[in-house]
Amino acid sequence: MKIVKTSLDSILSLRTLFLQENNFQVRYDACHIRGWAGEYIFRVDDVEIGYGSVKGKEDLKDRDAIFEFYVVPAVRNRAATIFAALIKASGVSYIECQSNDLLLSAMMFEFAKNIFSDVTLFKAGSVTYHHFDDVIFRKKMDTDHLFDHKHEPEGDYVIEKDGEIVGTGGFLLHYNKPFADLYMEVQPGHRRKGYGSFLIQEIKKVCYLAGRVPAARCGISNPASKATLIKAGMEVAGYMLTGEIQAAI
């Protein structure tokens, strides 16, 4: 078996299989097209059987963490052997993966130590029907006066109460299709009133109308954001995992 450093174009057909098989939002999908990923292809007798991708754990432009790993089903019984060879070829120190990526998660627990998570991943779940008689959801206008944002960008959509913008949000598209990433921020004085969940609920609707499937994430240490997303009909899809490669590899 050979593990060869390669270009993004060389792994695209295999990566299409990876995305089709997993069918979830890939948090670090943009690392490929932005040039932040090092790509490796696996060959046996000149037959391409899989690929691996590495990026930086802290600085995305570094190359010290494996974050994608795919082996075609026909040789997946050799996945651990292939993964060990990838570690040696790439010289990485870490593994980063989503817990809903079952193949890479299995490699994580076999090859890594000190595994932890600080991010919860969400997927679209139930339909909700939150409503406020005095709150309007609409597109942002150039004339809108927005509050200072501390955590999220100013979104393309707002909720307005008595002429005041009390929340903004939107969805980001730099993820594998058809997925999009929802975000929102509510003005501090109007939090804990259910506006955040109402805003996410309405952004979900326009996201679907744009031909995208909603997804989201929040920090594990942020129970308020988790509660807001769940109340808006999102559900936990997994967790971001990070682990250190064991020295014995």
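1. A definition to begin with: a residue is buried when its relative accessible area is under 20%, exposed when it is over 50%, and partly exposed in between, using a 1.4 Å probe and protein chains only. On that basis, 49% of the 249 residues of the protein chain count as buried.

2. Some ground rules. This is a predicted model, in which local features need pLDDT of at least 70 and side-chain atom pairs count only at pLDDT 80 or more, while totals for chains, interfaces and linings use all residues. Residues are numbered from 1 along each chain as its sequence is written, and side-chain values use heavy atoms, with hydrogens and water left out.

3. Overall layout. The protein chain has six helices and twelve strands; these are DSSP runs numbered from the N terminus, helices being H or I with at least four residues and strands E with at least two. The C-alpha trace spans about 70 × 35 × 30 Å along its principal axes. Taking a contact to mean heavy atoms within 4.5 Å, 67% of the contacts between residues at least 6 apart in sequence join residues at least 24 apart.

4. Strand 5. Strand 5 (residues 94–98) is largely enclosed by the rest of the structure, because four of its five residues are buried. Strand 4 (residues 65–71) runs parallel to strand 5, and two bridges join them; pairing of strands requires that DSSP finds at least two bridges between them. Tyr94 in strand 5 is the bridge partner of Ala65.

5. Glu96. Do have a look at this residue, which sits in strand 5 and is buried, with a relative accessible area of 7%. What does its side chain make a polar contact with? The partner is the side chain of Lys55, at 2.4 Å. A polar contact here is a pair of N or O atoms within 3.5 Å; within protein, one must be able to donate a hydrogen and the other to accept it, and residues adjacent in sequence count only if both atoms are side-chain atoms. Beyond four places in sequence, the contacts of Glu96 include Tyr28, Ala65, Phe67, Met108 and Leu241.

6. Lys204. This residue belongs to helix 5 (residues 195–209). Lys204 is buried yet has no salt bridge, and the nearest side chain of opposite charge, Glu235, is 8.8 Å away. For a salt bridge, a side-chain nitrogen of Lys or Arg must be within 4 Å of a carboxyl oxygen of Asp or Glu; Lys and Arg count as positive and Asp and Glu as negative, with His and the chain ends not counted. A polar atom of the Lys204 side chain does lie 3.1 Å from the backbone oxygen of Ala232. Residues that Lys204 touches, beyond four places in sequence, include Ser126, Leu182, Pro214 and Met234.

7. Val158. Found in strand 8 (residues 157–161), Val158 is buried at 0% relative accessibility. Among its contacts beyond four places in sequence are Ile136, Phe137, Asp144, Leu146 and Ile165. Val158 and Ser197 are 39 residues apart in sequence and 13 Å apart in space, C-alpha to C-alpha.
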